[in-house]
Amino acid sequence: MLGIDLVHIPEFQKQLTLGGATFRHKAFRAEELGNNSLEHLAGVWAAKEAVLKASGLKAGSWTDIHVSYNTQGKPYATAGDRQYEVSIAHHGDYAVAVATESGSS
């Protein structure tokens with residue numbers, strides 16, 4: 001399966017502001033918050049949404065999806081024992097991510 005998501009960064013910023021630490025805790029793992037820039041977090045959020053769409057997981061299982069980067073800086077995601085190839089891009093007010101299952105981790 002394939003999943004894609006587009007995040008409007010100004011709207012995402014409002015979501016982060018309104019949700020505060022509670023939203024960050026429910027949406028991101030601690031290691032995903034290492035780079036706390038708005039653009040980075042919007043890209044990780046888009047990747048989680050894309051994986052959600054590709055995997056059939058229930059919405060709200062955000063910390064069950066882990067977005068990481070390999071030694072070359074390429075993003076990938078895991079959800080349980082499933083691994084996903086991920087591509088994240090940013091341009092202006094938008095972040096976009098595409099995810100496809102790549103097999104077991």
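Residues are numbered from 1 along each chain as its sequence is written. Because the model is predicted, local features need pLDDT of at least 70 and side-chain atom pairs count only at pLDDT 80 or more, while totals for chains, interfaces and linings use all residues; side-chain values use heavy atoms, with hydrogens and water left out.

I begin with the strands. Helices (H or I, at least four residues) and strands (E, at least two) are DSSP runs, numbered from the N terminus. Two strands pair if DSSP finds at least two bridges between them. Strand E3, residues 75-79, pairs with strand E4, residues 82-91, in the antiparallel sense over four bridges. In that pairing, Ala77 stands opposite Tyr84, and Ala79 stands opposite Arg82. E3 also runs antiparallel to E2, to which five bridges join it; there, His66 stands opposite Thr78.

Both pairs are hairpins. Between E2 and E3 there are five residues, and Gly73 in the turn has a positive phi of about 90°. Between E3 and E4 there are two residues, and Gly80 takes a positive phi near 65°. Gly80 is exposed, with a relative accessible area of 65%. Here buried means under 20% relative accessible area, exposed over 50%, and partly exposed in between, with a 1.4 Å probe and protein chains only. E3, in contrast, has four of its five residues buried, so it is largely enclosed by the rest of the structure.

I turn now to helix H2, residues 38-55. Gly56 follows H2 with a positive phi, near 85°.

Finally, the surface. Leu2, Ile4 and Val98 form a nonpolar patch there, with about 270 Å² of accessible area together. Accessible areas come from the Shrake-Rupley method with a 1.4 Å probe, and for residues only the protein chains shown count as cover. Patch residues have over 30% relative accessible area and no salt bridge, with like charges joined within 9 Å and nonpolar side chains (Val, Leu, Ile, Met, Phe, Trp, Tyr) within 5 Å. A salt bridge is a side-chain nitrogen of Lys or Arg within 4 Å of a carboxyl oxygen of Asp or Glu. Val98 is found in strand E5, residues 94-104.
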